[in-house]
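Here is a friendly briefing to read alongside your viewer. Please have the chain open as you go through the points.

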Amino acid sequence: MDKFKIVGGTPLSGEMPVSGSKNSSLPALAACLLTDEPVTLHRVPRVKDIATMESLLEYAGAKVAHHNGKTCVHARTLDRPEAPYDVVKTMRASSLVLGPLVARAGRARVSMPGGCAIGARPINMHVAALEKLGATIEQAYGYVEAQAPDGLRGGNIHFDRITVTGTEDVLMAAVLAKGETVIGNAAREPEVEDLANLLIAMGANIEGAGTSTIKVQGVEKLHGAEHTIIPDRIEAGTFLLAGAISHGDLIVSDCNPEHVAALVVKMQQAGAEVDQPQADVLRVRCAGRPKALDMKTEEYPGFATDLQAQYLAWMATAHGISFITETIFENRFMHVQELVRMGANIRIEGRQAIVAGEDLLMGAQVIASDLRASASLVLAALVARGQTIIDRVYHIDRGYERIEEKLAAVGANIQRVQQTMRAGADV
Ligand code: EPZ
């Protein structure tokens, strides 16, 4: 297992380009299962979760190839419309293949995801929505088995609460269903809109993606298409916070500033200077510690839960006390105990972290527990005195493309240490 060795104290300066969005690429890859023609995607990041999704497509029968930064998927036939446990257990977004497989193949067998570090994360709303579209679904032996031998039919769906991949899953199913589907209380995340744009390019008839009501008129068949994935807003936000926490002057390029507006407003209120020199560029400057500022995570366009851990690390260095409330997931404070080991002063009360800013964080040995928690530890390490060793960085490799190279290029003292196994060591 690789580790990061980071020596803090260098203000970051220079340019950090943002990669394509992981959370847009995952449904986009799943959408490639909806047609027997090739689909070409640009700007798919080379991160572990994407490789996992590609292995699921191949398992189902698709061919996946990479040429000059493009990802080409050709699902001519789907011989095995299944997602096995071994893959699903490593990535919960595997449930995104449920909708497309049942829509195209008339059946799907997808392992049920278990809980994960950030919460229980059930898929009951995906299942109920697909049943509304006429799928017969049984859950047994750890698998969800969906059948729709005569195809799906349109229906009215209203999600009890907003679900991002649930909206994406049912949207992909609805595009091939007979008749009209209306999805109410749909997720408005930019990744949903990006998926809809790809589906439209493949011949789907969709209105309202990006709003809370999406209308779909089913079509008989989709065709191949070429599509460029949107920039990763969570990576962009992580970089902005890296610039601020390190007291640097950083250019975050190839991003969509609108997608990180909620974070930028908070950062400005807390004392960072963030401006937009170009349409797809943000510059962040922050000479010292921020002012403490409360934050509550919300669905888009609110403050993203995927940036909570990184924002919390910044607030751990603030003047004053901030209240950070997590409303999306029930257990997304695993980074807190590790930050405390670095000298942060944080108390958890239910869904709230009470953060008393400290003027000094100290390097320590810490363990990454999930993708965004690892990013928050990296940020804390950038400003901490001395050396931090972060273990289990495979979590960060799931969603950040070459993060240590990008950080080193703007001055961070960061190294990946490959762990060599001792002879006779327990494995
Ligand atoms: C997506 O997860 C993202 N993943 C997550 O990013 C992100 O944190 C999350 O949306 C919220 O923005 C991908 O896009 C691949 P949800 P998703 O369904 O779709 C509950 C990252 O770090 N719920 O919107 O799985 C659920 O437990 C990841 O990149 C049900 O109860 O999240 C949660 O409390 C982590 N039943 C809430 O809804 C369901 O059937 C919102 O979850 C589905 C969800």
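The notes below cover the domains, their interface and the ligand site. This is a predicted model, where local features need pLDDT of at least 70, side-chain atom pairs count only at pLDDT 80 or more, and totals for chains, interfaces and linings use all residues. Residues are numbered from 1 along each chain as its sequence is written, and side-chain values use heavy atoms, with hydrogens and water left out.

**Domains**

- The chain is assigned a domain 1 (2-18 + 231-418) and a domain 2 (22-228), with bounds from an automatic or database domain assignment.
- Taken over C-alpha atoms, the centres of domain 1 and domain 2 are 31 Å apart.

**Domain interface**

- Contact (heavy atoms within 4.5 Å) links 26 residues of domain 1 with 21 residues of domain 2.
- About 1,900 Å² is buried between domain 1 and domain 2, 47% of it on carbon and sulfur atoms; buried area is the accessible area (1.4 Å probe) that two parts lose on being put together, summed over both.
- Two salt bridges are counted between domain 1 and domain 2, a salt bridge being a side-chain nitrogen of Lys or Arg within 4 Å of a carboxyl oxygen of Asp or Glu.
- Asp 49 and Arg 398 form a salt bridge, with 2.8 Å between their closest N and O atoms.

**Ligand site**

- The ligand is surrounded by 23 residues, the closest being Asn 124, Thr 163, Thr 165, Asp 306 and Ile 328; a residue counts as near if one of its heavy atoms lies within 4 Å.
- In the side chain of Asn 23, an N or O atom is 3.1 Å from a ligand oxygen atom.
- Met 125 places a backbone N or O atom 2.7 Å from an oxygen atom of the ligand.
- Thr 163 has a polar side-chain atom 2.7 Å from an oxygen atom of the ligand.

Note on methods:
A polar contact is a pair of N or O atoms within 3.5 Å; within protein, one must be able to donate a hydrogen and the other to accept it, and residues adjacent in sequence count only if both atoms are side-chain atoms.
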